[in-house]
Amino acid sequence: GSYDSTVRVWKISTGDLVHRLQGHTQKVYSVVLDHERNRCISGSMDNLVKVWSLETGACLFNLEGHSSLVGLLDLSNERLVSAAADSTLRIWDPENGQCKSTLSAHTGAITCFQHDGQKVISGSDRTLKMWNIKTGECVRDLLTDLSGVWQVRFNERRCVAAVQRSNYTYIE
């Protein structure tokens, strides 16, 4: 994904350009590969998420709904999650592009997130939140009164976040 508004697909073994995917009207900030469906997905400053065929280079779906830069994407467990500067996350069905739910409780741009089959954990300007991925409901605030959240990762036992409080950075 590039600031020239394109997504380029390369054959790694030869370095040859396979496709130059054109359709975004502003900078592309995020891409993810969908190996199972032979597709790639891109998020852009034009507020769109686009789903592309890696076979033909055609745009298959425009996923609309965000009202600002889509800076983060992740695909796993049969769900595509997009996060944007409009303070929301959206959960999509990657098969047909249907929006399953909108996660809306943050007050600033989403700066990081991770998801699995049960939950999404997302960071924004002031909080780290945990969501039920099936219902889209905010389950609880994990951390509050933050000045920033830079990264979050979790597994079955732990959740770790790099956060800022006042002028100090912490791993919590």
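**Reading a pocket, a sheet and a fold**

Tutor: Start with the largest pocket, whose volume is about 190 Å³. Keep in mind that this model is predicted.

Student: How do I read a pocket? Which residues line the largest pocket?

Tutor: General idea: a probe the size of a water molecule is rolled over the atoms, and this shows where empty space is left. Now the case here. Gly 1 is in the lining, together with Val 7, Arg 8, Val 9, Trp 10 and Ile 12. Val 31, Val 32, Leu 33, Cys 40 and Leu 54 complete the list.

Student: Which elements give two or more residues to that lining?

Tutor: They are β1 (6-11) and β3 (28-34). The largest share comes from β1, with four residues.

Student: What is the lining of the largest pocket like by class?

Tutor: Nine of its residues are nonpolar, one is polar and one is charged.

Student: Now sheets. How do strands hold on to each other?

Tutor: Strands of a sheet pair through backbone hydrogen bonds, and the pairing is either parallel or antiparallel. Here is a case. An open sheet is built from three strands in the order β15-β16-β17, and their pairing is antiparallel.

Student: Which strands sit at the edges?

Tutor: β15 (148-154) and β17 (168-171) do, as each pairs on one side only. From one strand to the next, the twist averages 10 degrees.

Student: How many bridges join β15 and β16?

Tutor: Six bridges, in the antiparallel sense, with β16 covering residues 159-165. Find one in the model: Phe 154 has Cys 159, in β16, as its bridge partner.

Student: What about the whole protein? How many helices and strands are there?

Tutor: Zero helices and 17 strands. The radius of gyration is 16 Å, close to the 16 Å that the globule rule gives for 172 residues, so the protein is as compact as a globular protein of that length. Along the principal axes, the C-alpha trace spans about 45 × 35 × 30 Å.

Student: Which residues does the UniProt annotation "repeat: WD" cover?

Tutor: The entry, which is unreviewed, places it on residues 1-20, 21-62, 63-102 and 103-141. Look at two of these spans in the model. Residues 1-20 are 0% helix and 55% strand, and their end C-alpha atoms lie 10 Å apart. Residues 21-62 are 0% helix and 57% strand, with 13 Å between the end C-alpha atoms.

Methods. Residues are numbered from 1 along each chain as its sequence is written. This is a predicted model: local features need pLDDT of at least 70, side-chain atom pairs count only at pLDDT 80 or more; totals for chains, interfaces and linings use all residues. Side-chain values use heavy atoms; hydrogens and water are left out. UniProt positions are given in the numbering used here, feature names are shortened, and annotations may be inferred rather than shown by experiment. Two strands pair if DSSP finds at least two bridges between them. Axes are lines fitted to C-alpha atoms, for helices over the stretch in contact, and angles run from 0 to 180 degrees between N-to-C directions. On a 1 Å grid over the protein atoms alone, a cavity is a set of points where a 1.4 Å probe fits but cannot get out, and a pocket is an open set with protein on both sides within 12 Å along at least five of seven lines; lining residues have an atom within 4 Å of a point. Grid points are joined across faces, edges and corners, and a volume is the space filled by probe spheres set on the points. Ala, Val, Leu, Ile, Met, Phe, Trp, Tyr, Cys and Pro count as nonpolar, Asp, Glu, Lys and Arg as charged, and the others, Gly among them, as polar. The radius of gyration is taken over C-alpha atoms; the globule rule is 2.2 Å times the number of residues to the power 0.38.
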